[in-house]
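Colleague: Could you take me through this one? I'd like to start with a single residue and then move on to the whole chain.

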Amino acid sequence: MRIKPGIKVGIYGQDYMVRGDVDEAYVTSLAAYVDGKMREVSSKVSDASPSRVAVMAALNICDELFKMKKQQAKIEAFTDDLFKTLEG
C-alpha cells in the first residue's frame, strides 16, 4: 500500500500537512477560509494568543454552520409542505 503525500497548507502563520484521500484545491480553500476567520478574529481582539484566536474562529465557523443548518431545515420543511399541498 502506497502512502499518499500530504497537502501543505498555511493557517495563521503555521504550516500543516493534511493527509488523506482529499482534493488538494478543496483542502486549500478550507485552509484559506480558516486562516481568514482567524485573521478576522485577531484584528478585533487585541493581545489574543493563537490558541484563543483559533477557538474564537472555531466558534464563529460553528455559528455559521448552525445557522445554515437551521435555514436548511426551514427550507426542507417548506418544500415538504409544498409537496404535500401539491399532492393533496
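Colleague: Is Lys37 buried or exposed?

Modeller: Bearing in mind that this is a predicted model, Lys37 is buried, because its relative accessible area is 14% and the cut-off for that class is under 20%.

Colleague: Which helix is Lys37 in?

Modeller: Lys37 belongs to helix H1, which covers residues 24-44.

Colleague: And what does Lys37 touch?

Modeller: Leaving aside residues up to four places away in sequence, Lys37 touches Ala57, Ile61 and Glu64. With Glu64 there is also a polar contact between the two side chains, at 2.4 Å.

Colleague: What about Ser43, buried or exposed?

Modeller: Ser43, which is also found in helix H1, is exposed, with a relative accessible area of 61%.

Colleague: What box do the C-alpha atoms fill?

Modeller: Taken along the principal axes, the box is roughly 55 × 45 × 15 Å. Of the 88 residues, 12% count as buried, and the accessible surface comes to about 7300 Å², with 59% of it belonging to carbon and sulfur atoms.

Colleague: How far apart are the mean positions of the positive and negative charges?

Modeller: They are 5 Å apart, for 13 positive and 13 negative charges.

Terms used:
Residues are numbered from 1 along each chain as its sequence is written. This is a predicted model: local features need pLDDT of at least 70, side-chain atom pairs count only at pLDDT 80 or more; totals for chains, interfaces and linings use all residues. Side-chain values use heavy atoms; hydrogens and water are left out. Helices (H or I, at least four residues) and strands (E, at least two) are DSSP runs, numbered from the N terminus. Buried means under 20% relative accessible area, exposed over 50%, partly exposed in between (1.4 Å probe, protein chains only). A polar contact is a pair of N or O atoms within 3.5 Å; within protein, one must be able to donate a hydrogen and the other to accept it, and residues adjacent in sequence count only if both atoms are side-chain atoms. Contact means heavy atoms within 4.5 Å. Accessible areas come from the Shrake-Rupley method with a 1.4 Å probe; for residues, only the protein chains shown count as cover. Lys and Arg count as positive and Asp and Glu as negative; His and the chain ends are not counted. The place of a charge is taken as NZ of Lys, CZ of Arg, CG of Asp or CD of Glu.
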